[in-house]
Amino acid sequence: MTEPTRILLTNDDGYHSEGIIALEEALSALGEVYVVAPASEQSGASHSLTLARPLRIRQIDGRHWTVDGTPTDCVTLALNQILGPDERPHICVSGINHGPNLGDDATYSGTVAGAMESTILGVPGVAFSLAATQSLDFAEAMKYARQIIERALADGLPELTLLNVNIPKGEPKGVRVTKQGFKEARPVISELIDPRGKPYYWIGEVRGGFRAEGGTDFEAIDEGYVSVTPMRSDLTNYPAIEMLETWNTV
């Protein structure tokens, strides 16, 4: 008897977000889907793991759970506590994020972190983001998510590699495998005063575009293509090792 395909879903927009509901609908025909997602929005949580307080798991039904923590918490608990050995997923899919995760912004992304954590723990991971901030229409994102996951399941992914997938608004022209780009932006700190007269701060930024280097995720989205960027948790700058060899001591 053929073993059924098992797919774990998570996100950083929270269990009730439109994106994860659309993703579950898109992938449900591919196998058994399990959802372990944050109980509330965790955007910008990056690859953070909750260590300073206990975590609570709430089971909704036989295949749906919430965790009052980050996407990394969700995946860690899903693979080591929630799902049994017979339910271990063949792939973990994170998203669909409400907004893009391009270039250096991927380092802040809880969506990307969910896929990264699963990859570290031995389950291939794919993160999906819709590169739109208003009037979110997930129809095309759902179609491409299914196609990409079907291919990832059939062909496999390189070892210790996750895919960061961004989908443009509207109907994409196709798919491009890309490298991670760099945005041109500067931080903006807004200081305000609360009703008790104490200051508080909002962190934002003003963007000036992106570096046009050729073959980046920014350029693919700007030109109307789905961007598929292979990533890994290894942050080593290998060319710099040779440059810094003189720092070595006996």
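**A first look at the chain**

Guide: This is a predicted model, and the mean pLDDT of the chain is 93, with 100% of its residues at 70 or more.

Visitor: Where in the chain is confidence lowest, and where is it highest?

Guide: The lowest is strand β10, residues 199-210, with a mean of 83. The highest is strand β1, residues 6-10, at 98.

Visitor: OK. How many helices and strands does the chain have?

Guide: The secondary structure comes to six helices and 11 strands. As for the overall build, the radius of gyration is 19 Å, close to the 18 Å that the globule rule gives for 250 residues, so the chain is as compact as a globular protein of that length.

Visitor: And what does the C-alpha trace span along its principal axes?

Guide: About 55 × 55 × 50 Å.

Visitor: What share of the residues count as buried?

Guide: Of the 250 residues, 44% do.

Visitor: What about contacts in the chain: how much comes from residues 24 or more positions apart?

Guide: Taking contacts with a separation of 6 or more, 74% are between residues 24 or more positions apart.

Visitor: Let's zoom in. Where is S118 found?

Guide: S118 sits in helix α3, which covers residues 110-120.

Visitor: Is S118 buried or exposed, and why?

Guide: S118 is buried, because its relative accessible area is 0%, and the cut-off for buried is under 20%.

Visitor: So which residues does S118 touch?

Guide: Leaving out residues up to four places away in sequence, S118 touches V75, L79, C92, V123, P124 and G125.

Visitor: New topic. Which residues does a cis peptide bond join?

Guide: A cis peptide bond joins G95 and I96, with omega at about -10°. I96 belongs to strand β5, residues 91-98.

Visitor: And L160, what is its phi?

Guide: L160 has a positive phi of about 60°, although L160 is not a glycine.

Visitor: Where is the place of L160 in the chain?

Guide: L160 is in the loop between α4 (139-155) and β7 (162-168).

Visitor: Buried or exposed, that L160?

Guide: L160 is exposed, because its relative accessible area is 55% and exposed means over 50%.

Visitor: Last one, on charges. How many positive and negative ones are there, and how far apart are their mean positions?

Guide: There are 20 positive and 34 negative charges, and their mean positions are 3 Å apart.

Methods. Residues numbered from 1 in each chain as written. Predicted model: local features only at pLDDT ≥ 70, side-chain atom pairs only at ≥ 80, totals over all residues. Heavy atoms only, no water. pLDDT = per-residue confidence, 0-100. Helix = DSSP H or I, 4+ residues; strand = E, 2+ residues; numbered from the N terminus. Buried < 20%, exposed > 50% of the residue type's maximum accessible area, 1.4 Å probe, protein only. Contact = heavy atoms within 4.5 Å. Rg over C-alpha atoms; globule rule 2.2 N^0.38 Å. Lys, Arg positive; Asp, Glu negative; His and termini not counted. Charge placed at Lys NZ, Arg CZ, Asp CG, Glu CD.
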